[in-house]
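Subject: Structure handover

Hello,

Here is the structure we spoke about. Please open it next to this note and follow along.

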Amino acid sequence: MKIDLTLNGAPASLNAAPGLRLSEALREGLGLTGTKIGCDAGDCGACTVLLDGAPVCACLTPAARAHGRRLETVEADDATLNHLRDAFLRHGAAQCGICTPGMLMAGTALLRDNPAPSPDQARAALGGVLCRCTGYARIIAAICDAGPPPLEDAPSSGTVGSSPRRLDGAAKVAGDSFGADLWQQGGLIVRAIRSPHASARFHFGDLAGWAAKTGAQVFTAADIPGRNRFGAIPPFADQPALAETHIRQRGEAVALVAFEDDGSDPDLSGFPVIWDPLTPLTSALDAAAPDAPRLHEGRAGNLLIAGHVRRGDAAAVLAASAHVVEGTTRTGFVEHAYIEPEAGAAWMEGDCLVIRACTQAPVMDRDDTALVLGLPPGRVRIIPSAVGGGFGSKLDLSLQPLIGLVTLLTGRPSRMTYSRAESMASTTKRHPSQISGRIGCDAQGRITGMEMDGIFDTGAYASWGPTVANRVPVHASGPYCTPHYRAEARAIHTNNPTAGAFRGFGVPQAAIWQETLYDRLAEQAGLDRLEFRHLNALRDGQTTVTGQTLHSTGISQCLDALRPHWSRALAEAAAIPGRGVGIASCWYGCGNTALPNPSTIRIGLTGAGALMLHQGATDIGQGSNTVIAQIASKALGLPLSAVTLIGPDTHLTPDAGKTSASRQTFVTGRAALAAGAALRAEILRRLNMGDAARLSLDGATLVASEGRQTARLDLSTLPADARGYALSAEESYDPPTLPLDENGQGSPYALYGYGAQMVELAVDPALGTVRLLKITAAHDLGRAINPLLAQGQIEGGIAQGIGLALMEDYIPGRTENLHDYLIPTTGDIPPIESLLIEVPDPEGPFGARGLGEHVLIPTAPAILNAIRHATGAEVTTLPALPHRIRAAMQRAEK
Amino acid sequence: MTDFLRPATVEDALALMAAGGVVPLAGGTDLYPATQRRALPGLVLDVTGLPGLCGITTGPAGLRIGAATTWTALARATLPPALAALQQAAVEVGGIQIQNAGTIGGNLCNASPAADGVPPLLVLDTEVELVGHRGIRRLPLSQFLTGPRQTARQADELLTALHIPASALSGQSHFRKLGARAYLVISIAMVAVRLDLQAGRISHAALAVGACSATACRLPQVESALTGAPAAEAPALIRDADVAAALSPLDDLRATAAYRSGAAAELLRRSVATLCQPVPA
């Protein structure tokens with residue numbers, strides 16, 4: 001059907017099947033990829049476009065319905081939309097950018113009706129668009145400040161401590177290029193055949209016959225030229241790219257089907273796979289039983305790994321403690337629910353396989369994909385696309401070996417985009433946990449000891465299960481001095497979804513247990529809950545449960561910062577029935593646990609005077625593109641505006657490691673600091689100027705001045721160095737750590753970050769519903785390199801903590817969509833006040849610590865503590881859905 | 001390739017549907033999520049272009065709502081206070097994007113036990129109008145909805161309109177929806193209440209609960225208990241046991257059955273209390 005419409009103000013026409021989703025017609029037919037597809041079900045709003053001015057989900061709109069109508073997309077050049085884009089950049093409203101087009105279009109429709117909306121009106125207008133990164137606060141602020149840009153808006157200097165517009169921001173407010181948004185024409189569309197069962201044997205029927213009938217090419221494990229086993233942690237690599245004879249989890253891929261990329265709608269029905277379903281192990285307790293079937297050879301009791309930390313004699317000390325509390329908490333699977341499902345494209349460049357996809361770990365992707373495909377790593381090039389949210393799950397391989405296989409074997413370009421259901425079924429989750437134990441204190445309220453046993457359902461494959469098992473015992477004390485300690489975390493295989501990395505690697509689950517027990521312990525000791533934490537907060541010179549002596553600890557300062565808010569909130573809550581106030585703290589070691597994790601940064605000046613920063617730290621929305629550049633430019637002494645970013649790209653950028661473990665600002669930041677400083681030293685040496693000289697660029701001429709002394713260096717006269725630059729530097733940094741011994745004693749992290757959050761809420765006594773009123777968050781980030789980005793991290797982490805506490809529960813086969821799996825909407829986030837505490841750490845760049853994961857950890861326990869304060873209800877199974885809160889209230893009343 | 005029919009008249013639509021296998025398409029907000037395909041599969045008939053299917057008209061017999069009237073059109077219309085519950089429900093269906101596309105008739109034909117439109121229409125004694133090649137028939141909404149995802153519509157019939165009798169346009173109504181998040185939420189429970197008040201007493205009460213039984217339902221026993229009661233005493237007359245007796249809620253991922261019926265009773269009390277509040281001078 002020929003569809004004539006007015007598209008972004010100009011006449012346009014396209015040929016499309018009338019029932020084609022309008023989102024597909026725009027992206028595939030017209031090449032307008034600014035409209036993003038997050039769910040194909042109207043659940044996320046990322047594809048919001050304006051039809052005759054009214055916001056609709058393009059994924060639910062038949063293309064025919066655009067005929068004769070006015071359609072506007074994020075590609076429009078419109079005054080209201082452009083002003084809103086600018087407001088998004090000023091307010092830091094775009095993090096990863098995948099929801100941004102939907103937010104901008106819904107916001108534009110609102111602003112045309114109501115140029116000065118209230119925050120409540122903005123929240124209602126944007127209630128149909130989900131964001132997983134920002135916690136919505138910056139977005140709402142931008143909508144409410146979206147008039148013509150202020151004239152006096154002087155561009156930020158971009159120095160460390162200032163909040164310049166993010167360097168990748170302009171792309172994000174234009175509809176950035178994510179994994180699904182760039183591909184080579186004339187290739188193949190790849191789909192995976194996945195298991196509907198959690199455990200099954202399988203075999204294939206007549207593959208050749210099916211392929212002949214459908215015109216598709218079929219690939220199975222038999223076609224994999226390399227080692228059909230991958231895994232984030234090499235000694236535990238156990239996951240096949242395509243299953244061979246049996247599958248261990250629902251959603252596991254057994255075959256690939258490649259169709260011509262000609263706009264047709266591939267039909268996978270009738271694919272000849274014959275399943276022989278087996279009884280799945282669906283609980284870690286069952287799987288740990290001695291007679292349980294074993295998922296993996298060599299892993300007795302389905303135990304992937306157990307992590308331990310032992311210090312002193314916790315059992316003896318607890319027996320003699322004045323106060324002891326005991327308890328068990330349970331959490332379920334939590335889905336990352338980034339709005340961008342996994343997507344990417346592959347093609348050959350000579351004999352090099354190029355894979356452009358969303359990822360958090362390009363070099364790990366390259367190495368593992370090369371292993372699976374039997375290629376040397378140098379023949380695989382990974383180009384990370386813009387990443388529409390990751391939160392840990394995009395650390396693992398997903399489609400890289402799949403499209404890599406198709407392109408390698410056919411020599412043709414290919415592309416693949418996971419459906420929402422496929423993404424949710426097949427990728428990793430937060431580990432479900434059951435944590436039990438005891439904590440004691442003396443009569444004065446000083447912690448004496450702790451015992452903790454955690455069982456973590458690590459699902460079908462290893463993924464990051466070992467990291468969770470190692471991190472949890474190291475962190476389960478919380479940021480408190482705990483002289484006697486025994487903690488064990490066991491990761492048990494089941495036929496559930498593979499549990500992997502998710503913002504905090506198990507530490508949020510442990511904090512839920514420890515921080516809720518702390519409230520009961522404070523009560524027993526007769527101490528105010530904040531003061532109890534303050535009394536026990538780790539201080540400089542004290543040792544952690546791993547025996548590491550700390551310096552520059554910031555937890556007591558965070559609690560100090562909350563104290564006036566705490567007093568106010570307690571007084572207010574005392575006057576109103578149903579009101580509660582809760583508090584919880586966090587600490588989190590930045591970087592890999594007692595393992596090397598170096599980053600390398602390259603910086604160069606071209607003969608034409610361009611400053612190029614090879615920045616390999618994947619920016620998944622958190623802001624490393626901007627923060628790393630700020631650090632490098634400050635160390636070098638040239639303005640941020642001079643910086644041009646290169647990468648990430650495994651052929652162009654040195655390895656800056658994975659975006660995980662809250663390590664990029666710290667570890668890659670240190671490498672950027674060193675690279676910037678090395679280039680500066682080289683410049684000053686050549687110009688024979690002192691360290692205090694001020695640098696500037698005047699075209700191709702580098703100028704250094706100090707007092708009345710000025711020196712010039714014409715870069716165009718310099719020969720290219722080995723890296724192709726007139727001048728360049730490349731530096732690495734690897735955080736100094738000490739391995740953990742058999743008792744978990746050692747110095748696993750070079751630095752830690754600290755924080756504490758306070759939640760004010762109201763509980764409806766009859767319905768058990770929670771209304772969050774305010775969250776106040778104090779985080780010691782050492783030095784805020786970019787305060788606006790830091791604030792965005794805090795607000796976004798809190799939003800995920802709210803979801804963990806109150807609504808998120810992934811059930812395989814039941815909640816594989818974004819309407820049964822609930823994440824917070826604009827209306828679920830209260831006002832958040834961020835208090836940035838800066839206790840500089842000498843190890844961090846300009847004193848900075850990591851922040852990204854810390855911010856999620858205290859939120860859920862602080863909410864549970866506030867619910868208990870409001871009602872007496874102790875909710876020990878998460879999420880705290882209304883019926884669980886109501887039941888806990890009824891137990892408390894008895 | 002999709003077969004996508006866009007008839008210009010109801011007669012043409014019925015002729016096309018007579019061949020069988022035709023899926024009527026209104027807003028698309030339920031049909032598209034049900035497929036993983038790029039385009040709607042099967043033989044689809046777009047009803048949104050049919051005359052008389054969009055818009056609200058009033059006459060001596062009552063109010064007629066075209067089946068393809070969108071939630072946004074309902075929310076923005078000027079309607080009697082008896083339809084306040086329907087208008088309140090309209091702004092809680094999905095987000096604005098869904099309200100701009102989704103239709104009241106589509107909501108009924110999709111027949112989810114948690115359909116937001118049903119309780120407010122039940123308290124309005126709504127009848128649905130079905131048109132087939134055998135003619136036009138009307139059914140009470142409660143008879144139209146025969147089970148979860150099941151209706152009395154024959155495969156060759158179209159739902160063309162909803163009729164609200166003049167007798168049900170009196171009084172005021174209120175809607176409440178309970179879910180685990182603020183927007184885009186499928187109800188744990190929802191209620192609609194319509195009350196006529198005369199001289200401080202309830203002269204007529206209509207109460208309905210959704211998401212707590214296979215299809216949303218009225219609560220005749222509770223309605224009788226309220227009829228004739230002084231407004232100030234009305235909320236207390238809604239007893240948990242009476243509400244529970246009328247419902248058959250499920251235990252599922254969103255809530256337990258026991259919680260659901262208790263919550264439904266509480267929501268009813270609150271909506272009745274809202275409607276019974278003295279009007280501020």
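In which loop of chain A does A:Pro879 lie? A:Pro879 sits in the loop between α20 (859–871) and α21 (882–893) of chain A. Helices here are DSSP runs of H or I with at least four residues, strands are runs of E with at least two, and both are numbered from the N terminus.

Some ground rules. This is a predicted model, in which local features need pLDDT of at least 70 and side-chain atom pairs count only at pLDDT 80 or more, while totals for chains, interfaces and linings use all residues. Residues are numbered from 1 along each chain as its sequence is written, chains are lettered from A and ligands numbered from 1 in the order in which they are written, and side-chain values use heavy atoms, with hydrogens and water left out.

Backbone, chain A

A:Pro648 is in the loop between β26 (643–646) and α18 (664–687) of chain A. Then look at A:Ala337. This residue is not a glycine, yet its phi is positive, about 55 degrees. A:Ala337 belongs to the loop between β14 (334–335) and β15 of chain A. For context, most residues other than glycine have a negative phi, and most peptide bonds are trans.

Sheets and hairpin, chain A

Chain A has an open sheet of seven strands. Its order is β8-β10-β6-β18-β15-β16-β17, and the pairing is mixed. Two strands count as paired if DSSP finds at least two bridges between them. The edges are β8 (217–220) and β17 (380–384) of chain A, each pairing on one side only. Neighbouring strands are turned by 25 degrees against each other on average, direction ignored. Axes are lines fitted to C-alpha atoms, for helices over the stretch in contact, and angles run from 0 to 180 degrees between N-to-C directions.

Inside this sheet, β15 (residues 343–349) and β16 (residues 352–357) of chain A are antiparallel, with six bridges. A:Gly344 has A:Ala357 in β16(A) as its bridge partner. Helix α7 (residues 207–214) of chain A lies across β8 and β10 (253–260) of chain A, at about 150 degrees to β8(A).

Elsewhere, β28 (residues 701–706) and β29 (residues 709–714) of chain A also pair in the antiparallel sense, over six bridges. A:Glu706 stands opposite A:Gln709 in β29(A). This hairpin has two residues between its strands, and A:Gly707 takes a positive phi near 60 degrees there.

Sheet, chain B

Chain B has an open sheet of five strands, ordered β4-β5-β10-β6-β7, with antiparallel pairing. Its edge strands are β4 (56–59) and β7 (135–140) of chain B. β4(B) pairs with β5 (residues 62–66) of chain B over four bridges. In that pair, B:Ile56 has B:Ile65 as its bridge partner.

Where the chains meet

43 residues of chain B are in contact (heavy atoms within 4.5 Å) with 61 residues of chain A. The buried area is about 4100 Å², and carbon and sulfur atoms give 58% of it. Buried area is the accessible area (1.4 Å probe) that two parts lose on being put together, summed over both. On the chain B side, B:Arg38, B:Gln97 and B:Arg181 lose the most area to chain A, together 23% of what that side buries.

Five salt bridges cross this interface (a side-chain nitrogen of Lys or Arg within 4 Å of a carboxyl oxygen of Asp or Glu). B:Asp46 forms a salt bridge with A:Arg65, with the closest N and O atoms 2.9 Å apart. Two elements of chain B each give two or more residues to the side that touches chain A: α4 (96–101) and α10 (257–276). The largest share, five residues, comes from α10(B).

Salt bridges overall

The whole structure has 72 salt bridges over all chains. One of them joins the side chains of A:Asp120 and A:Arg123, at 3.1 Å from N to O. Both residues lie in helix α4 (residues 119–125) of chain A, three residues apart, about one turn of the helix.

Best wishes
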